[in-house]
Structure formats: structure tokens, C-alpha cells
Amino acid sequence: MNQQRQSKRLDPMSTRNTDWFWDEAAEGRLSIQKCGNCGAMHHPPRPICPECHSAERVPTPMSGRGTIYSFMRVSYPPPIGFDEPPIVALVDLEEGGIRLITNIVDATLEELVNDAPVVVDFEKTASGKSLPVFRLAGKAGAA
Ligand SMILES: [Zn+2]
């Protein structure tokens, strides 16, 4: 867990279909929605399985390892809740088939390349909720 000065990050939006995801993150787990009927994995969380329409969902912990599919630094318009313009990335989880929109932290654009291995970490929001972010694997501070 990254302990840093008071975060300015905005809180995730709370909905009955996504609260379980943020509860998992608060426990330090990156979990993905798995259909309790057909076993299909989906992200972001949604009310029913798009494959079989079942409403039975099973939060399934992931390894937290993945690779960068693509990345960019967002600087305009100035993002709210960040001291520095954040790096936004698409990360493919090693479990396959799941791509997250996330932030890469403690890295510069020059250090990043597509397919670079990354590991999940969690950063706090202004009110203390946890957000999954990723760090370069093998870099100091990464798991
Ligand atoms: Zn299903």
C-alpha cells in the first residue's frame, strides 16, 4: 500500500453494481466479475452477464500481474485530483481477456513501453478509499 501525503484523488462512484469491486480493492484485492452461471469474466462490473444474462456474479481475485497494452499522459484539460498529469494506461491482466483502464504510478513516460510487465498496487483517494493502480514490475517498491 502506498502511504503518501494526503491524496487529492477523487473517490470512485458508488453504485450497487460496482460497490463490491471497491470493497475488494479496500481489502487489497484486484477482483474481476465472473459470471456464476457460465463462468465468463467481465470488466467493468455490470448488472448482468452479457453472455448469458445471469445476474449471479462472483468476485474473483486476480494475480495483480499484467502487461501494458497502451499508455499516455493526460495533461489537457488539467486532470482533477492529481499534482502531476497522470499516466493513463490500458493493462491486460495475465489471466487473459481482461483489459483495465488504470494509472501507471512511479514511472516516467520514457520508462514505459507496450508489453512492459506491471503489478497492481492500491492508492488512497481523498476520503480513504482504495483505487487499483499499476507499477512497473521489478522496479523498487513493486511486488
Ligand atoms: Zn454468464
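I begin with Asp-106, which is partly exposed because 16 C-beta neighbours lie inside 10 Å. For the terms: a residue is buried if 20 or more other C-beta atoms lie within 10 Å of its own, exposed if 12 or fewer, and partly exposed in between, with C-beta atoms placed from the backbone. Asp-106 sits in the loop between S6 and S7. Although Asp-106 is not a glycine, its phi is positive, at about 55°. As background, most residues other than glycine have a negative phi, and most peptide bonds are trans.

Two remarks on the source are needed here. This is a predicted model, in which local features need pLDDT of at least 70 and side-chain atom pairs count only at pLDDT 80 or more, while totals for chains, interfaces and linings use all residues. Residues are numbered from 1 along each chain as its sequence is written.

The confidence values come next. The pLDDT, which is the predictor's confidence in each residue on a scale from 0 to 100, averages 92 over the chain, and 94% of the residues score at least 70.

I turn to the overall architecture. In sequence order the pattern is α-β-β-β-β-β-β-β-β. The radius of gyration is 15 Å, close to the 15 Å that the globule rule gives for 143 residues, so the chain is as compact as a globular protein of that length. That radius is taken over C-alpha atoms, and the rule is 2.2 Å times the number of residues to the power 0.38. The C-alpha trace spans about 45 × 35 × 30 Å along its principal axes. Of the 143 residues, 20% count as buried.

Let us move to the interior. A nonpolar core is a set of buried Ala, Val, Leu, Ile, Met, Phe, Trp, Tyr and Cys residues joined through C-beta atoms within 7 Å. The largest such core has 17 residues, of which Ala-89, Val-91, Ile-104, Val-118 and Phe-134 touch the most other members. Two or more residues each come from strands S4 (65-73), S5 (87-93), S6 (99-104), S7 (117-124) and S8 (130-136). Strand S5 gives the most, with four residues. In soluble globular proteins, nonpolar side chains tend to be buried together. Leaving aside neighbours within four places in sequence, Val-118 has contacts that include Ile-68, Val-91, Ile-104, Phe-134 and Leu-136.

Which strands lie at its edges? The open sheet has three strands in the order S2-S1-S3, with antiparallel pairing, and S2 and S3 are the edge strands, each pairing on one side only. Two strands count as paired if DSSP finds at least two bridges between them. Five bridges join S1 to S3, and two join S1 to S2. Lys-34 has a bridge partner on each side: Val-58 in S3 and Met-41 in S2. Ile-32 stands opposite Thr-60 in S3. S1 and S2 form a hairpin with five residues between them, and Gly-39 in that turn has a positive phi of about 85°.

I close with the loops. In the loop between S2 and S3 lie Pro-44 and His-53. A cis peptide bond, with omega about 0°, joins His-43 and Pro-44. His-53 has a positive phi, near 70°, and is exposed because 11 other C-beta atoms lie within 10 Å. A cis peptide bond also joins Tyr-76 and Pro-77, with omega about -5°; Pro-77 is in the loop between S4 and S5.

Finally, Gly-28 lies in the loop between helix H1 (19-26) and strand S1 (31-35). With 14 C-beta neighbours inside 10 Å, Gly-28 is partly exposed. Its C-alpha atom is separated by 10.0 Å from that of Glu-123, 95 residues apart along the chain.

Conventions. Two residues are in contact if their C-beta atoms, placed from the backbone, lie within 7 Å.
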